[in-house]
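Keep the 3D view open as you read.

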Amino acid sequence: QSQTSGQYQRRVRWGKKVTQDEQEVKEPLAPSKPVEDVDHIHFSLGLPSIQSKTLLSEDEKTDQYVRLIRGASKKKSNSGYELTAEELSTLDSIADHLKTDKSKPTPSEILEFFDRLINEWSPETLFSVIALMRLVVLRPHANSYFASDDGGLSSLYTLIMKVGLSDEETVAKKCAPVCLMTLCLISNMFCVNSTALQLCIDECVIVAAICALSQNSVSVRLMGATVLYNCALFLPKTSEDVASQIVCALQECSEEEGDKIPRLRMLLAILQVCYCNTTITQLLKSLEFFTVKGPRRSCCKPKNQKSHCRY
């Protein structure tokens with residue numbers, strides 16, 4: 001689970017255990033456990049617990065992202081994207097805010113700042129904005145805001161649509177790094193228990209992750225699998241329709257996947273969904289999942305395909 005490619009591991013820390021400060025007060029982060037079926041064979045045989053850490057994306061490049069956003073707003077080619085003096089001040093304050101205790105509320109002007117840029121800037125200019133936003137949503141207050149119907153949830157949906165993660169053919173035409181960072185943002189939303197329980201059955205989120213599984217970029221496929229893995233951690237055993245949708249997509253794509261890291265994460269996500277779930281286990285048997293011989297996708301990259309693992 002902790003294995004990643006060299007470049008990816010240096011830049012992004014996956015599998016970082018959520019600390020107490022990142023958890024909601026009186027609502028600790030704890031993936032749903034199959035305790036409701038203690039007689040299930042998976043449980044009764046005492047099989048070792050499957051890895052259950054929420055996978056998050058973090059780095060320490062806040063100042064770099066702030067500079068890039070400032071630069072993007074000043075480019076003549078980005079006419080209409082120029083930030084006001086007040087917005088520039090808000091942008092500078094984000095770095096300071098990220099250094100404070102995570103239990104402190106995120107100022108409303110920062111939340112509104114991200115709302116405006118997500119809704120008004122074009123997809124190709126949003127990489128640094130999303131990269132910065134994914135760090136902010138690791139804080140419970142900001143996380144709850146962007147998961148709320150009365151708050152920024154619409155901005156999250158807008159972003160998913162903008163970068164093309166609502167359709168497999170559309171996402172293939174979009175910028176891979178922006179799609180990748182959007183998936184990192186979605187993955188980080190699972191750091192708060194109440195949000196995770198909401199997003200794990202959210203059709204828009206699930207479709208976005210499934211669309212990512214078939215893309216040319218290894219990193220985008222890995223992040224798509226990561227989002228579905230996080231969904232699997234919190235998915236109620238009674239949500240059979242959602243569980244079936246997830247495992248069918250993962251089963252098909254894992255057979256085609258030729259890179260071992262994305263494939264491993266897809267398989268782990270499948271295991272999380274089917275653990276102590278007889279219906280899904282039987283579904284996988286009918287799909288001959290347990291007799292898969294190996295990946296059919298070539299492990300070699302097509303010529304001229306650039307890797308975006310550095311993100």
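Helices here are DSSP runs (H or I, at least four residues), just as strands are runs of E of at least two, and both are numbered from the N terminus. What you see is a predicted model, in which local features need pLDDT of at least 70, side-chain atom pairs count only at pLDDT 80 or more, and totals for chains, interfaces and linings use all residues. Residues are numbered from 1 along each chain as its sequence is written, and side-chain values use heavy atoms, with hydrogens and water left out.

Let's begin with the empty space. Rolling a probe the size of a water molecule over the atoms shows where it is left. On a 1 Å grid over the protein atoms alone, a pocket is an open set of points with protein on both sides within 12 Å along at least five of seven lines, while a cavity is a set where a 1.4 Å probe fits but cannot get out; lining residues have an atom within 4 Å of a point. Points are joined across faces, edges and corners, and a volume is the space filled by probe spheres set on them.

The largest pocket holds about 300 Å³. It has 14 lining residues, and D59, E60, T62, L98 and L135 are the closest to its centre. Helices α3 (62-74) and α4 (85-98) each give at least two residues to that lining. Sorted by class, the lining has nine charged residues, four nonpolar and one polar (Ala, Val, Leu, Ile, Met, Phe, Trp, Tyr, Cys and Pro count as nonpolar, Asp, Glu, Lys and Arg as charged, and the others, Gly among them, as polar).

Now follow α4 to a neighbour. It packs with α5 (residues 108-120) at an angle of about 115 degrees, the axes being 10 Å apart. Axes are lines fitted to C-alpha atoms, for helices over the stretch in contact, and angles run from 0 to 180 degrees between N-to-C directions. The contact (heavy atoms within 4.5 Å) takes in E87, T90, L91, S93, I94 and H97 of α4 and E109, I110, F113, F114 and R116 of α5. Five of these residues are nonpolar, three polar and three charged.

Next come α6 (residues 127-136) and α10 (residues 176-188), whose axes come within 9 Å and cross at roughly 15 degrees. That makes the pair roughly parallel. From α6, F127, I130, A131, M133 and R134 meet P177, V178, M181, T182, C184, L185 and N188 of α10. Here nine residues are nonpolar, two polar and one charged.

Further along, the axes of α14 (residues 240-256) and α15 (residues 260-274) come within 9 Å and cross at roughly 150 degrees. Among the residues in contact are A243 and I246 of α14 and V273 of α15.

Conventions. Parallel < 35°, antiparallel > 145°, perpendicular 65-115°, else oblique.
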